[in-house]
Amino acid sequence: MSCGLEYPPELLALICAYVYASGIPSRVPSLDPLYLHEAGVPTALPTSYPPSSWSEPVSRRTLASLMLVNHAWSEAARPWLWRKIEVRLPHGWLSFVEEISGVEDGEVAEEEAVRAVDESITEAAHAALAAKIGQGEALDAEAERKIKESILQELGGPDSSIPPELLSPPASRDPSPRRLRQKSKSPARWKLMRSISDAVQDLMGRSGDGVYVPAIHDPRPGRFINHIDFNHFRTIGMRRLVGEGVNNRFVTGERLEAVLKEAPNLTSFGATEYMDGALTLSVLKELLLRGTPSRGRGQPIRGRGFVVEDPNDWDAEDIARRRECKELEAIDLTGCVSVVFVNALTDFVNTHMLSPPSDSDSSEDEDGRPQRRGRPPRIRFQEEPVTFPGLQRLSLRGAKSISPQILSTFVTAFPSLTHLDLSSTRVGPDLLVALAAALTVQLQSLSLARCVRLTGSSMRNFLVSAPAARYITELNLYGDSTFPNPMSAEEFRDVFTTAPCFTSGELVYLDISSAPLDEELLGDIPVQPKLRSLGLSYIPGLPLKDVSAFVLGKAAQVEVLTLLGTSPELVRVPPRQASITLHSQIIRPLCTPPFSFSLTGNAPPAAPATRLRVIELATPLLSVLGGGATAWRIVRSKGGRGWYVDTASGWVSGPEGAVLRRDLEKEHPWRSALDQLADANGNVSSGIGWHARKMEVLYGHGLLGREDGLYGAVSFAYQG
């Protein structure tokens, strides 16, 4: 007996769901890169060894193997294999487009749509008749033909979402106004299949037989897709001419729009600078105008349910289709700066988000006659700009070409934000004022690094008094010597002593690099018992003893510390002396176990005073450190960043859960993995590093999340 007959489909689908979920990283990270070698069974704990989850390739290979067992396992595993799509190679993208949306030729695509509708109606009529008379009985061809005609009649009504030209064979079509449109197009395939299934259910329900007809099988996998990103997409190295790269792009707006139309359950989308030329206005509509915002501009503030759509509107079909799609929950537009994208976003904001001019401000009527203010000649509904309540996580890091006005209007249209990355953008103080006035925004992770147009007072007022900033646990205010943080010492003191995100003690990530810190200002920071990653770079006047005292007394749980260009003992002295100072004032008091003596020799060694195990340093100082001292080694990123790492420390799974061990033996797999990274001397993947500069938004892991590809390079390789 086959496995498909032994177990119900629901159980097989649940097993495949667990296999897929096993490749998703834990929400409580270990802060370390993923260990990809043989490391035993994942623990689901925040551990470095064994890892807290399987790697994604292992999860996908397991699902692919399950598809080869039999038909039942194939049907159970197929939705999970298509759930997350990472576009990597150009020709793989073209194959994906063909699999999801079919051919690109309009006439051929319409012929395929007609054929699919005819085959689906025939299949539905066959299934309905089989369910009605029972399995094993001979089917009457005449009865099946009548059921098919009834389905066609049901679909041919005035309220049908299927164009009439798709319900008739090509040779019998008559010219219709719908076919003569300039923008003629067929509905999405999933919409066609759903309409046919609903028509069959309505027909069987009216017959009074109470027969259940299963949904029509759709071979296209677009409805399974939940996640699409271009994080790994490259065209470099393909030996293409400049003209080919400009005129014959792989990722075009038409192809991307066709894919998005066939993905009604898409909730996460990631774009990069390598394909931002495909982010046209129609693509932005397909991404954002889904679910609740599908109607777009034009719905009145009151009486929304009484809005009647124009049946002759060319966009009526798109609006109806998008209304049945899920809203996006996360969108990552890191580094998107192309003219196409900026113009499309500007048009989208002007069309759907900016409030129209009020007619009450005019002092003349339509005929030019003056009239009194406050008494318009006719009653008009006030149109409300569209909002997007479903989107919770947004990254616009590095989108420097977007104007401040468009950026402010766009961001404030998302009333449910929890993760927001605006680093290296032209965001202005008006955006923080608007976010402070939003009562529904509750940010958990916020990044405002290198925002040159922000003022210190606007940042101070937002962090201190805004309800949206009350529950922040990850805060990135990074600045460097080129673009320092604009807040003054007094403004930082107000933030440290009165901002709820600081006084609550819930911060787990904090970067205040380039802040004008001194011993007194560090003393004003409340105790942070949960802080795990701390950025204190580009503060040349801050002594190392003050940094050591702060970590020891108020942030003992910190595991990662950045000190690029910080402290006169590391910046203004010869490199060899800086190396000695680093060990004597930071590593020895914070990372080394205290001396202990036992006559029996059985007493366990005392733990170090803090959990500090990774220190980010400037490249000249790392060069002086050479091979490191004892277990401390230098790990370099793919770019310009580097870290001084205690290879004998790591989160290891034990009988009582995850334990931070500081005495790993040289043969331990995790210590060997860190030694391999150190020996690679920067020849590593883009996801290797600590203390991310970019927020992970597609999964919601924030500034403690891990990414690879281009997103990983922005997080761990680039200095800015």
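How many helices and strands does the secondary structure of the protein come to? The secondary structure comes to 25 helices and 16 strands, where helices (H or I, at least four residues) and strands (E, at least two) are DSSP runs numbered from the N terminus. The model is a predicted one, in which local features need pLDDT of at least 70 and side-chain atom pairs count only at pLDDT 80 or more, while totals for chains, interfaces and linings use all residues. Residues are numbered from 1 along each chain as its sequence is written, and side-chain values use heavy atoms, with hydrogens and water left out.

**Figure 1. The protein as a whole.** Of the 720 residues of the protein, 49% count as buried, a word that stands for under 20% relative accessible area, with exposed meaning over 50% and partly exposed lying in between (1.4 Å probe, protein chains only). Among the contacts in the protein with a separation of 6 or more, 74% are accounted for by residues 24 or more positions apart, contact meaning heavy atoms within 4.5 Å.

**Figure 2. Helices α2 and α3.** Two packed helices are described by the angle between their axes and the distance between the axes. Helix α2 (residues 9-21) packs with helix α3 (residues 56-67) at an angle of about 155°, and their axes are 8 Å apart; axes here are lines fitted to C-alpha atoms, for helices over the stretch in contact, and angles run from 0 to 180 degrees between N-to-C directions. The two helices α2 and α3 are therefore roughly antiparallel to each other, since angles over 145 degrees count as roughly antiparallel, under 35 as roughly parallel, 65 to 115 as roughly perpendicular and the rest as oblique. The crossing of α2 and α3 is left-handed, a term used if the near helix is turned anticlockwise from the far one by less than a right angle, with right-handed used if clockwise. Cys-16, Val-19 and Tyr-20 of α2 make the contact with Ser-59, Thr-62, Leu-63 and Leu-66 of α3. These residues divide into 5 nonpolar, 2 polar and no charged, where Ala, Val, Leu, Ile, Met, Phe, Trp, Tyr, Cys and Pro count as nonpolar, Asp, Glu, Lys and Arg as charged, and the others, Gly among them, as polar.

**Figure 3. Helices α5 and α10.** The axes of α5 and helix α10 (residues 253-261) cross at roughly 45° and come within 9 Å, which makes α5 oblique to α10. In this left-handed crossing of α5 past α10, the residues Trp-93, Leu-94, Phe-96, Val-97, Ile-100 and Ser-101 in α5 meet Arg-255, Leu-256, Ala-258 and Val-259 in α10. By class, the contact of α5 with α10 has 8 nonpolar, 1 polar and 1 charged residues.

Figure 4. Rings of Phe, Tyr and Trp (its six-membered ring) pair if their centres lie within 6.5 Å, and planes under 30 degrees apart count as stacked, over 60 as edge-to-face and the rest as tilted. By this rule the count comes to 14 aromatic pairs. Trp-82 and Phe-96 form a stacked pair, 6.2 Å centre to centre with 25° between the planes. This pair links distant parts of the chain, 14 residues apart, with Trp-82 in the loop between α4 (71-81) and β1 (84-86) and Phe-96 in helix α5 (residues 90-101). Phe-96 counts as buried because its relative accessibility is 8%. Phe-230 and Phe-233 form an edge-to-face pair, 6.2 Å centre to centre with 85° between the planes. Phe-230 counts as buried at 0% relative accessibility, and Phe-233 counts as buried at 1%. Ring pairs link Trp-82, Trp-93, Phe-96, Phe-230, Phe-233 and Phe-269 into a cluster.

Figure 5. Helix α13 (residues 339-352) and helix α14 (residues 404-411) pack with their axes 10 Å apart and at an angle of about 60°, which makes α13 oblique to α14. Helix α13 passes α14 in a left-handed crossing. The contact is made by Leu-345, Thr-346, Val-349 and Asn-350 of α13 together with Ile-406, Thr-409 and Phe-410 of α14, and by class it has 4 nonpolar, 3 polar and no charged residues. Ser-408 has its place in helix α14 and counts as buried at 10% relative accessibility. Leaving aside neighbours within four places in sequence, Ser-408 is in contact with Asp-430 and Leu-431.

**Figure 6. The surroundings of Trp-670.** Trp-670 lies in helix α24 (residues 669-680), and at 2% relative accessibility Trp-670 counts as buried. Not counting residues up to four places away in sequence, Trp-670 touches Asp-32, Pro-33, Tyr-35, Ser-48, Tyr-49, Ser-649, Gly-650 and Leu-664. Trp-670 and Trp-651 are 19 residues apart in sequence and, C-alpha to C-alpha, 9.2 Å apart in space.
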